[in-house]
Amino acid sequence: MAVPAAVYRELHLLPSLLSADFARLGEEVEAVLDAGVRFIHVDVMDGHFVPNLTIGPGVVSALAPRVHERGGILSVHLMIEHPEQFLETFARAGADALSVHVEACPHLYHALQRIKSLGMGAGLALNPGTSVERVAEVLDLVDYLLVMTVNPGFGGQELIESALAKVPVLRPLLPTTAAIEVDGGVNRENIRRVVEAGANWIVAGSAVFGAGDPFRQAQELAALMREPAKCGPTREGLP
Ligand code: DX5
Ligand code: ZN
């Protein structure tokens, strides 16, 4: 399913399944969709690009009908070496948006074009240690930029402030039609600050699934995320 263009401009909570109960994945997905969430964020790790192994296209294809029949969007975050070899696989599995890491992909321009030509939203992810300059050449091509605010590989880490500080720098460099996704260490205390920095797709793993009752956690985090700014205006055009 193509991601509607307006969705890149909207504010969304993206629960990350990494912290979900893998024995009950379908129910965990239903719980957050019932809470009004539109996106499911899926973390794919290969034990090489990051020191952890998670799930692959089989799980994406198993979840896709359940997500799509509710109007949901499957956003897949590839933390793997040679991501360009798996673009078709994840498109077939039912991914709607697919991000590759700049650090893992020497032919970025080609990879982003290919993701788009397969009908998916094209995402570019950058690690906390990767500079803004490193992605400048391809910013016009991305549908969303995924700014990692922890070192990729594990849930439950603390947000790295210097990584979040890249968001307001990147925002004016991106097309106004593109989203900025922040991933890592987002919780109740900092979620509003992440939005105020300029991010509009907000990933939360342990804050949704690691605290019991994902339905309630997703609802409460989404409400906190949408709280009116305490000082100064929020980004124009966002709901
Ligand atoms: C980490 C993953 C994240 C992870 C975030 O490499 O990309 O999506 O699930 O987890 P929290 O929200 O617990 O930091
Ligand atoms: Zn992720």
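**Ground rules**

I number residues from 1 along each chain as its sequence is written, and I letter chains from A and number ligands from 1 in the order in which they are written. Since the model is predicted, local features need pLDDT of at least 70 and side-chain atom pairs count only at pLDDT 80 or more, while totals for chains, interfaces and linings use all residues; side-chain values use heavy atoms, with hydrogens and water left out.

**Entry: strand β7**

I started with β7, residues 179-183. How many residues of β7 are buried? I found 5 of its 5 buried. Buried means under 20% relative accessible area, exposed means over 50%, and partly exposed is in between (1.4 Å probe, protein chains only).

Next I checked which way the residues point. In a regular strand the side chains alternate between the two faces of the sheet. Here Ala179, Glu181 and Asp183 point one way from β7, and Ile180 and Val182 point the other way.

**Entry: neighbours of β7**

I looked up the pairing next; two strands pair if DSSP finds at least two bridges between them. Strand β6 (residues 144-148) runs parallel to β7 and is joined to it by 5 bridges. One bridge I noted has Leu146 partnered with Glu181 in β7.

Strand β8 (residues 201-204) also pairs with β7 in the parallel sense, over 2 bridges. Glu181 has Trp201 as its bridge partner in β8, and Val182 has Ile202.

I then followed the chain from β7 through helix α7 (residues 191-196) to β8, and the three make a right-handed β-α-β unit. Right-handed means that, with the strands pointing away from the viewer, the path from the first strand over the helix to the second runs clockwise.

**Entry: strand β8**

Are the residues of β8 buried or exposed? Trp201 and Val203 on one side and Ile202 and Ala204 on the other are all buried, and both faces are covered. I also found β1 running parallel to β8, with 4 bridges joining them. In that pairing, His12 has Trp201 as its bridge partner.

**Entry: Ile191 in α7**

I picked Ile191, which lies in helix α7. Its relative accessible area is 0%, so Ile191 counts as buried. Which residues does Ile191 touch, leaving out those up to four places away in sequence? My list is Leu13, Val186, Ile202, Leu221, Leu224 and Met225. Contact here means heavy atoms within 4.5 Å. For a distance, I took Leu87: Ile191 is 104 residues from it in sequence and 31 Å from it in space, C-alpha to C-alpha.

**Entry: ligand 1**

There are 20 residues around ligand 1, and Ser16, Gly153, Asp183, Gly205 and Ser206 come nearest. A residue is near a molecule or strand if one of its heavy atoms lies within 4 Å of it. An oxygen atom of ligand 1 is 2.7 Å from an N or O atom in the side chain of Ser16. Another look gave 2.7 Å between an oxygen atom of ligand 1 and a polar backbone atom of Gly153. For the side chain of Asp183, an N or O atom is 2.8 Å from an oxygen atom of the ligand. How much of ligand 1 does the protein bury? Taken alone the ligand exposes 380 Å², and the protein buries 100% of that. These areas come from the Shrake-Rupley method with a 1.4 Å probe.

**Entry: helix α1**

Why do I call α1 (residues 25-34) largely enclosed by the rest of the structure? Because 7 of its 10 residues are buried. Among them are Leu25, Val29 and Val32. The buried residues pack against β1 (12-15), β2 (39-45), α2 (57-68), α8 (206-209) and α9 (214-225). After α1 I found Gly36, with a positive phi near 100 degrees.

**Entry: Ala95**

Ala95 sits in the loop between α3 (87-93) and β4 (97-101). With a relative accessible area of 4%, Ala95 is buried. Not counting residues up to four places away in sequence, Ala95 touches Val60, Leu74, Val76, Phe90 and Met120. Ala95 and Ile73 are 22 residues apart in sequence and 7.9 Å apart in space, C-alpha to C-alpha.

Terms used:
Polar contact = N/O pair within 3.5 Å; in protein donor to acceptor, adjacent residues only side chain to side chain.
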